[in-house]
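Colleague: I would like to go through this model with you and ask, term by term, what each label rests on.

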Amino acid sequence: MSTELFAGLRVSDFAAMLPWYVELLGEPTMFPHQTEAVWTVAGHGHLYIVEEPARSGSSVALLMVDDLEKRLRKGSVEPALDETYDNGVRKVTFRDADGNELAFGSMP
């Protein structure tokens, strides 16, 4: 059995938000339609943004990565929050203009 995971973030204005996500994630893997972009973030794991103005701004996603420092140096988008928990797990949270949260985490 093969499993694909698609986690989505709803945005109010796709054209306005796309550059912010490209800065954070790089170029999208695909564009299923004019107001949706998809990034493959793991073998069978995908993150997408889609224009849905009425429901934008309340999405949350966390990606655990091996290369957190490298990812943080990649672009100019500044994190909203940078936390390190007692167990050594680090979580860096970014918020888009709609208020969606996209966080990257790493294990010690």
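Modeller: Let me begin with a definition: contact means heavy atoms within 4.5 Å. On that basis, residues 24 or more positions apart account for 52% of the contacts in the chain with a separation of 6 or more. This is a predicted model, in which local features need pLDDT of at least 70 and side-chain atom pairs count only at pLDDT 80 or more, while totals for chains, interfaces and linings use all residues. Residues are numbered from 1 along each chain as its sequence is written, and side-chain values use heavy atoms, with hydrogens and water left out.

Colleague: Why is His46 called buried?

Modeller: Buried means under 20% relative accessible area, exposed over 50%, and partly exposed in between (1.4 Å probe, protein chains only). His46 has a relative accessible area of 9%, so it is buried. Its place is in strand E4, residues 45-51, where strands (E, at least two residues) and helices (H or I, at least four) are DSSP runs numbered from the N terminus.

Colleague: What makes the pair of His46 and Glu4 a polar contact?

Modeller: A polar contact is a pair of N or O atoms within 3.5 Å; within protein, one must be able to donate a hydrogen and the other to accept it, and residues adjacent in sequence count only if both atoms are side-chain atoms. The side chains of His46 and Glu4 make such a contact at 2.6 Å.

Colleague: And why is Arg10 called partly exposed?

Modeller: Arg10 has a relative accessible area of 28%, so it is partly exposed. Its side chain makes a polar contact with that of Glu52 at 3.2 Å.

Colleague: How do you know that the buried residues of H1 line one face of the helix?

Modeller: Those buried residues are Phe14, Met17, Leu18, Tyr21, Leu24 and Leu25. Seen down the axis of H1, they fall within an arc of 130°, so they line one face; the arc is that of the directions from the helix axis to the C-beta atoms. On the other side of H1, Ala15, Ala16 and Pro19 are exposed.
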